[in-house]
Amino acid sequence: MRKNDIRTLDLNLLKALDALLDERHVTRAAARLGVTQPAMSGILTRLRENFGDPLFSRSQRGIVPTQRALALAQPVRQVLADIDALMQPPVFDPASATLDFSIAATDYALRAIAVPLLAALKQRAPHLRIALTAVEDGPLQERLERGQIDLALTTPETTPPGLHARRLFDERYVCVVREDHPLVRGKRIGLKQFCALDHALVSYSGDPFVGVTDEMLARQGLARRVTLSVQRFLVLPDILRASDMVAVVPRRLVAGMPGLKLLEPPLDIPGFTKTAAWHERTHRDPAHRWLRELLFETCRTPG
């Protein structure tokens, strides 16, 4: 292998060469690097072997660089500066960043989490691009490992082990009817009236006409009449505004929606927790950390 092969060059030699070029004196260069004068002389010998040039000649006041050494001065400083930059923590400027991120979310999370997050991103990082994909599109662990997605909005029960995860918020259910519903007046709805109304149910999987509300009613020996089942929330608000139906949905899905009235359910319905999950590969990256912090901030604000 050639002596001047980059694979044999110790980067500390470049620091020594830079010091020698600056100080033009072996003893002063040694003091600058914190080594002895004999050690510095040995380093100079190695430099000469690597570059195939004497590099310096002795003079009455120290050492004088050869033309080869002078030609190396600027490139060596640039290499050392580049290496120093590599060792510094990268800086992320959201206002000017032009990165792409991919977030996997459920239908619920798209409305309750992604929408306010995108609004905040538009204000603080207008040049970032976000790709929203379905959680159900494949194994989360594998997609995060391969970089197909950067962040997943899930629940503790569906978060694969071995990922970084953080609780976003606890969600609760509310009853929703149209604002001018002829039968539901006031701010509460009785259990008897609740069971008598026609119900719309958002069912992502399983029995399309049975949900957690039916399980809680069954414990009391009661049942409701589910006359409509939809797989996506998107169409539900329009259905409720145009009918006398009632729906039990997560509060953040309907908070602030015009034309709808939110009521407390007449029975206890267990809610759920939303979680953000990400892989170790993005855990320390400044841009990803900034995005996650913005997500946590928007989720702290009630929907």
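This is a predicted model: local features need pLDDT of at least 70, side-chain atom pairs count only at pLDDT 80 or more; totals for chains, interfaces and linings use all residues.
The side chains of Asp180 and Arg178 meet in a salt bridge at 2.8 Å, N to O; by salt bridge we mean a side-chain nitrogen of Lys or Arg within 4 Å of a carboxyl oxygen of Asp or Glu.

Residues are numbered from 1 along each chain as its sequence is written, and side-chain values use heavy atoms, leaving out hydrogens and water.

**Salt bridges**

- The structure holds 18 salt bridges.
- One of them pairs Asp18 with Arg77, with the closest N and O atoms 3.4 Å apart.
- That pair ties together distant parts of the chain, 59 residues apart: Asp18 is in helix H1 (residues 11-23) and Arg77 in helix H4 (residues 67-87).
- Helices (H or I, at least four residues) and strands (E, at least two) are DSSP runs, numbered from the N terminus.
- Asp18 counts as buried because its relative accessibility is 12%, while Arg77, at 34%, counts as partly exposed.
- Glu23 bridges to Arg32, the closest N and O atoms being 3.3 Å apart.
- Glu23 is partly exposed at 23% relative accessibility, and Arg32 is partly exposed with a relative accessible area of 40%.
- Zoom out and you get a network: salt bridges link Asp18, Asp22, Glu23, Arg28, Arg32 and Arg77.

**Helix H8**

- Helix H8 spans residues 212-219, and its buried residues are Thr213, Asp214, Met216 and Leu217.
- These residues cover an arc of only 160 degrees around the axis, so they lie on the same side of H8; the arc is taken from the directions from the helix axis to the C-beta atoms.
- As background, an α-helix has 3.6 residues a turn, so residues three or four places apart point the same way.
- The buried residues of H8 pack against helix H7 (191-196), strand E9 (225-230) and strand E10 (246-250), with contact meaning heavy atoms within 4.5 Å.
- Just after H8 comes Gly221, with a positive phi of about 75 degrees.

Terms used. Buried means under 20% relative accessible area, exposed over 50%, partly exposed in between (1.4 Å probe, protein chains only).
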